[in-house]
Amino acid sequence: MVRLILASQSPARTKLLNEAGIRHSILVSDVDEDAVQARYGVTDPHDTALLLARAKAEAVAALPEAEGALVLGCDSVFEFDGEAHGKPYTAAVARERMLRMSGNAGVLHTGHWLVDCRETDPDDGAAPGTGATLGTVASAEVSFLEMDAAEIDAYIATGEPLHCAGSFTIDGLGGAFIRKVDGDPHAVVGLSVSTLRGLLAQAQVRITDLWPAA
């Protein structure tokens with residue numbers, strides 16, 4: 001049986017996989033995102049999303065628990081006015097961002113990185129691994145409705161936007177402020193299922209192999 005490990009503590013990502021019927025377990029990495037970015041000096045939002053996704057996947061792939069599994073790392077970065085926006089963490093930062101985002105649009109980049117930790121020459125009859133370590137980015141443009149200061153303050157008071165790239169969600173309370181999405185909406189949630197399907201195919205695994213047994 002093919003095992004998939006999600007190297008993320010994001011409730012939205014695991015919920016999305018559950019709703020898509022994709023069997024997986026969770027093993028969170030201890031990657032220091034700021035240190036990774038400082039080391040490589042990446043400032044482009046697209047590349048940053050992929051770099052951090054790779055760092056998370058490879059950190060978990062190095063753990064003994066990942067032996068014999070496929071490991072998926074993901075990271076999201078919101079690009080607005082040419083700047084990379086990760087999680088705001090504080091109400092002040094979230095408020096400043098959302099006031100600027102009101103009535104405007106930005107691009108949410110979600111990096112995906114897959115590491116195949118299965119044996120390439122198993123002696124137990126299991127399907128052989130490919131040794132693949134590969135990734136890609138799924139992006140979508142997000143257009144926001146006009147938001148007044150009172151709405152923004154009420155949204156921030158819920159705590160939801162403080163730990164989300166770009167200070168918003170599409171699958172939670174923040175969906176009320178999104179006018180439209182051009183691109184894969186799953187990428188805005190933080191994990192594109194169709195992108196995962198493509199990465200699995202390159203590791204010679206069908207996404208249907210991760211569906212519950214009939």
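Biologist: Which residue in β5 does L72 stand opposite?

Modeller: This is a predicted model, so each answer describes a prediction. Strands β3 (residues 70–80) and β5 pair in the antiparallel sense. L72 stands opposite a residue of β5, and that residue is L114.

Biologist: Over how many bridges do β5 and β6 pair?

Modeller: Strand β6 covers residues 133–144.

Biologist: How many of the residues of β5 are buried?

Modeller: Strand β5 spans residues 105–116 and is mostly covered. Of its 12 residues, the number buried is 10.

Biologist: Is H46 buried, exposed or partly exposed?

Modeller: H46 lies in helix α3, residues 45–61. Its relative accessible area is 32%. Buried requires under 20% and exposed over 50%, so H46, at 32%, counts as partly exposed.

Biologist: Which residues does H46 touch, leaving out those up to four places away in sequence?

Modeller: The side chain of H46 also has a polar contact of 3.1 Å with the side chain of D47, but D47 falls among the residues left out here. With those set aside, H46 touches H109, V137 and S139.

Biologist: What separates the C-alpha atoms of H46 and A84?

Modeller: H46 and A84 are 38 residues apart along the chain. The separation of their C-alpha atoms is 8.6 Å.

Biologist: Why is the pair of F144 and F168 edge-to-face?

Modeller: The count of aromatic pairs comes to 5. In the pair F144 and F168, the ring centres are 5.0 Å apart and the planes stand at 85°. Planes over 60 degrees apart count as edge-to-face, so the value that decides it is 85°.

Biologist: Where in the chain do F144 and F168 lie?

Modeller: The pair links distant parts of the chain, 24 residues apart. F144 is in strand β6, and F168 is in the loop between α5 (149–157) and β7 (178–183).

Biologist: Are F144 and F168 buried or exposed?

Modeller: The relative accessible area of F144 is 4%, and that of F168 is 6%. The cut-off for buried is under 20%, so F144 and F168 both count as buried.

Biologist: Which residues form one aromatic cluster with F144 and F168?

Modeller: F144 and F168 are paired edge-to-face. The cluster that holds them also includes F78 and F80.

Terms used:
Residues are numbered from 1 along each chain as its sequence is written. This is a predicted model: local features need pLDDT of at least 70, side-chain atom pairs count only at pLDDT 80 or more; totals for chains, interfaces and linings use all residues. Side-chain values use heavy atoms; hydrogens and water are left out. Helices (H or I, at least four residues) and strands (E, at least two) are DSSP runs, numbered from the N terminus. Buried means under 20% relative accessible area, exposed over 50%, partly exposed in between (1.4 Å probe, protein chains only). Contact means heavy atoms within 4.5 Å. A polar contact is a pair of N or O atoms within 3.5 Å; within protein, one must be able to donate a hydrogen and the other to accept it, and residues adjacent in sequence count only if both atoms are side-chain atoms. Two strands pair if DSSP finds at least two bridges between them. Rings of Phe, Tyr and Trp (its six-membered ring) pair if their centres lie within 6.5 Å; planes under 30 degrees apart count as stacked, over 60 as edge-to-face and the rest as tilted.
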